[in-house]
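Dear colleague,

My notes on what was found in it follow below.

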Amino acid sequence: MELFTFYVLAGVTVLASLGVVSSRVPMHSVMLLIVSFGALAGLYVMLDAPFTAVTQIIVYAGAIMVLFLFVVMLLNQHREDEPEAMPASLLRRNLRAGVLLSVLLAIEVAWGLSRVGVTTFGTDPGDVSSISSVAHIGMALFTTHAFAFEVTSVLILVSMVGAVVIARREP
Amino acid sequence: MPTLNHFLILSGVLFSIGTAGVFLRRNLITILLSIEIMLNAVNITFVAVGRYLGTVDGQIITFFVMTVAAAEAAVGLALVISLFRHRETLSPDAFTSLKW
């Protein structure tokens, strides 16, 4: 039953992602990516990470995708103006690089998986509840990872100022 | 019951889809969306391995990745808006002035 749920969610994620990459209308791409993120949130729930799943919905599907939607509507490009007018030489070069990268990735994944073998998740209830507890996440975030947390706030400040400066209309 | 391998393979497939999008599409917004797909593929690896090892560290790294993704999206989209103002197009082939 759980395996069935996994395959449904993973299938939705992969198909929606393929749609994002292949759709010619930017608006459809953004909508399909939201579908993909929703299914990914379901997978996080299956991994006993409900807080991450909620964050995924709120931050990714809520905030970041709204930002993308704003820009798509602002630029008002209903379709790509040139129908994938990639020169044949560039397409061939990109395909060669892509095939090389994907073969390398497949070899790496196969090597890694053959090293670890089939690994099942632990089912100890105490273990699972400590992973999915928001209190544990908060403790680790504000003690062990407190420095990274503070640096993140600087990063967000910098990116906010940068976005305002870059997108400003020149006087 | 799905195993860790299921999640790692799913993550690899998603990452490949995102990479293919970056390489094959000629639209700046779609390229940024493909980067988001790749970031999410990495996120699912972090959460799955964290679950396998029994620590919350995987989820915490995922939060940081989400923050970086938000910052990257904000700056990237600001660049896209700025570029669109100059050239009225979203094709990356139009912005090759810095190409050697």
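How far apart do the axes of helix 3 of chain A and helix 3 of chain B come, and at what angle do they cross? In this predicted model, the axes of helix 3 (residues 50-75) of chain A and helix 3 of chain B come within 11 Å, and their crossing angle is roughly 5 degrees. Because angles under 35 degrees count as roughly parallel, helix 3 of chain A and helix 3 of chain B are roughly parallel to each other. From helix 3 of chain A the contact draws on residues including Thr52(A), Val59(A), Tyr60(A), Leu67(A), Phe68(A) and Leu75(A), and from helix 3 of chain B on residues including Gln59(B), Phe63(B), Met66(B), Ala73(B), Leu77(B) and Phe84(B). Sorted by class, the residues of this contact are 19 nonpolar, four polar and no charged.

Before going on, a word on confidence. The predictor assigns the complex an ipTM of 0.90 and a pTM of 0.87. For chain B the average pLDDT is 88, and 99% of the residues score at least 70. Among the elements of chain B, the lowest mean pLDDT (88) belongs to helix 1 of chain B, and the highest (92) to helix 2 of chain B.

Turning to the contact between the chains as a whole, 60 residues of chain B are in contact with 68 residues of chain A. On the chain B side, helix 1 (4-24), helix 2 (28-53) and helix 3 (57-87) each supply at least two residues, and helix 3 of chain B gives the most, with 21 residues. The side of chain B that touches chain A is made up of 37 nonpolar, 18 polar and five charged residues.

Two further helix pairs can be described in the same terms. Helix 1 (residues 2-22) of chain A packs with helix 1 of chain B at an angle of about 10 degrees, the axes being 9 Å apart, which makes helix 1 of chain A roughly parallel to helix 1 of chain B. Among the residues that meet here are Phe6(A), Ala10(A), Val14(A) and Leu18(A) from helix 1 of chain A, and His6(B), Leu10(B), Leu14(B) and Ile17(B) from helix 1 of chain B. This contact has ten nonpolar, four polar and no charged residues.

Helix 2 (residues 26-46) of chain A and helix 2 of chain B pack at an angle of about 5 degrees, with 11 Å between their axes, and helix 2 of chain A is therefore roughly parallel to helix 2 of chain B. Residues that meet in this pair include Pro26(A), Val30(A), Leu33(A) and Tyr44(A) on the chain A helix, and Ile29(B), Leu33(B), Glu36(B) and Val47(B) on the chain B helix. By class, the contact of helix 2 of chain A with helix 2 of chain B has ten nonpolar, three polar and one charged.

Several single residues also deserve a look. Phe84(B), in helix 3 of chain B, is partly exposed because 19 C-beta neighbours lie inside 10 Å. Leaving aside neighbours within four places in sequence, Phe84(B) is in contact with Leu75(A) and Leu90(B). The C-alpha atoms of Phe84(B) and Val68(B), which are 16 residues apart along the chain, are separated by 24 Å.

Leu3(A), in helix 1 of chain A, counts as exposed because it has 11 C-beta neighbours inside 10 Å, and, not counting residues up to four places away in sequence, Leu3(A) touches Met1(B) and Pro2(B). Asp127(A) lies in helix 5 (residues 125-132) of chain A and is partly exposed, with 15 C-beta neighbours inside 10 Å. With neighbours within four places in sequence set aside, the contacts of Asp127(A) are Gly122(A) and Gly54(B).

Asp48(A) is found in the loop between helix 2 and helix 3 of chain A, and with 20 C-beta neighbours inside 10 Å it counts as buried. The phi angle of Asp48(A) is near 60 degrees, a positive value in a residue other than glycine.

Finally, the domain assignment of chain A gives domain 1 (1-78) and domain 2 (133-171), and the centres of these domains, taken over C-alpha atoms, are separated by 23 Å.

With best wishes

Definitions and conventions: Residues numbered from 1 in each chain as written. Chains lettered and ligands numbered in written order. Predicted model: local features only at pLDDT ≥ 70, side-chain atom pairs only at ≥ 80, totals over all residues. Contact = placed C-beta atoms within 7 Å. Helix = DSSP H or I, 4+ residues; strand = E, 2+ residues; numbered from the N terminus. Nonpolar A, V, L, I, M, F, W, Y, C, P; charged D, E, K, R; others polar. pLDDT = per-residue confidence, 0-100. Domains from an automatic or database assignment. Buried ≥ 20, exposed ≤ 12 C-beta atoms within 10 Å, placed from the backbone. Axes fitted to C-alpha atoms, helices over the stretch in contact; angles between N-to-C directions. Parallel < 35°, antiparallel > 145°, perpendicular 65-115°, else oblique.
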